[in-house]
Amino acid sequence: MRFRFCGDLDCPDWVLAEIATLSKITSVKMKLLCNQVLADLLGGSIDYDKVNKITSDAKYETGDVKASIACLSFILSSAGKYGVDSEALSNELQQLGLPKEHSTSLCKSYGDKLVSLQEEFRRQSLQCKLTN
């Protein structure tokens with residue numbers, strides 16, 4: 001199956017595996033984790049102390065925390081890169097097995113930062129001047 005947030009390609013297997021890991025935290029904590037990842041994508045940094053507090057009740061190991069951050073980073077950056085709207089992203093994530101409450105939380109954070117995310121990607125992209 002093809003997904004818009006993956007550039008109309010199949011979703012990578014590792015993302016599918018991490019969706020199960022992301023399902024272990026609450027939807028509120030999903031939103032907090034997304035905000036940390038979005039801050040990183042927008043040029044800030046991730047506060048790993050906060051991330052560890054967010055994921056502590058789900059009993060995430062260090063590898064799970066890193067994989068969850070990588071998965072969210074992939075989902076959010078790819079969706080922004082391909083201009084996927086929040087509603088379509090939510091539907092696609094639910095098709096992949098992410099609970100509705102979790103995908104709603106993720107997409108709320110994503111929708112709030114979509115314009116900033118796309119501006120940051122444009123700023124970071126390679127640009128060449130035309131010479132005559």
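The mean positions of the 16 positive and 17 negative charges of the protein lie 5 Å apart; Lys and Arg count as positive and Asp and Glu as negative, while His and the chain ends are not counted. Each charge is placed at NZ of Lys, CZ of Arg, CG of Asp or CD of Glu. This is a predicted model, in which local features need pLDDT of at least 70 and side-chain atom pairs count only at pLDDT 80 or more, whereas totals for chains, interfaces and linings use all residues. Residues are numbered from 1 along each chain as its sequence is written, and side-chain values use heavy atoms, with hydrogens and water left out.

**Overall architecture**

- The secondary structure comprises six helices and zero strands (DSSP runs numbered from the N terminus: helices are H or I of at least four residues, strands are E of at least two).
- Along the sequence, the pattern reads α-α-α-α-α-α.
- The radius of gyration of the protein is 15 Å, which agrees with the value near 14 Å that a compact globule of 132 residues would have; the radius is taken over C-alpha atoms, and the globule rule is 2.2 Å times the number of residues to the power 0.38.
- The C-alpha trace spans about 60 × 35 × 25 Å along its principal axes.

**Surface, burial and contacts**

- The protein exposes about 7,700 Å², and carbon and sulfur atoms supply 51% of this area; accessible areas come from the Shrake-Rupley method with a 1.4 Å probe, and for residues only the protein chains shown count as cover.
- Of the 132 residues, 40% count as buried (buried means under 20% relative accessible area, exposed over 50%, and partly exposed in between, with a 1.4 Å probe and protein chains only).
- Among contacts between residues at least 6 apart in sequence, 72% join residues at least 24 apart, a contact being heavy atoms within 4.5 Å.

**Cysteines**

- A disulfide is a covalent bond between the sulfur atoms of two cysteines.
- The structure holds zero disulfides, the criterion being a pair of cysteine sulfur atoms within 2.5 Å.
- Cysteine 71 takes part in no disulfide, and the nearest cysteine sulfur, that of cysteine 11, is 7.5 Å away.
- Cysteine 71 counts as buried because its relative accessibility is 0%.
- For cysteine 6, the closest cysteine sulfur is that of cysteine 11, and the separation of 4.2 Å is too far for a bond.
- Cysteine 6 also counts as buried, with a relative accessibility of 7%.

- Leucine 33 lies in helix α2, which covers residues 27-41, and is buried, since its relative accessible area is 1%.
- Not counting residues up to four places away in sequence, leucine 33 touches Leu22, Ile25, Val51, Ile54, Ser68 and Leu72.
- Threonine 55 belongs to helix α3, residues 48-56, and at 3% relative accessibility it counts as buried.
- Leaving aside neighbours within four places in sequence, threonine 55 is in contact with Tyr60 and Val65.
- Leucine 33 and threonine 55 are 22 residues apart in sequence, and their C-alpha atoms are 8.5 Å apart in space.

- Aspartate 49 is found in helix α3 and counts as exposed at 57% relative accessibility.
- Lysine 53 and methionine 1 are 35 Å apart, C-alpha to C-alpha, and 52 residues apart in sequence.

- Most residues other than glycine have a negative phi.
- Aspartate 8 has a positive phi of about 60° although it is not a glycine.
- Aspartate 8 sits in the segment before α1 (13-22) and is partly exposed, with a relative accessible area of 46%.
- Lysine 59, likewise not a glycine, has a positive phi of about 55°.
- Lysine 59 is located in the loop between α3 and α4 (62-81) and counts as exposed at 70% relative accessibility.
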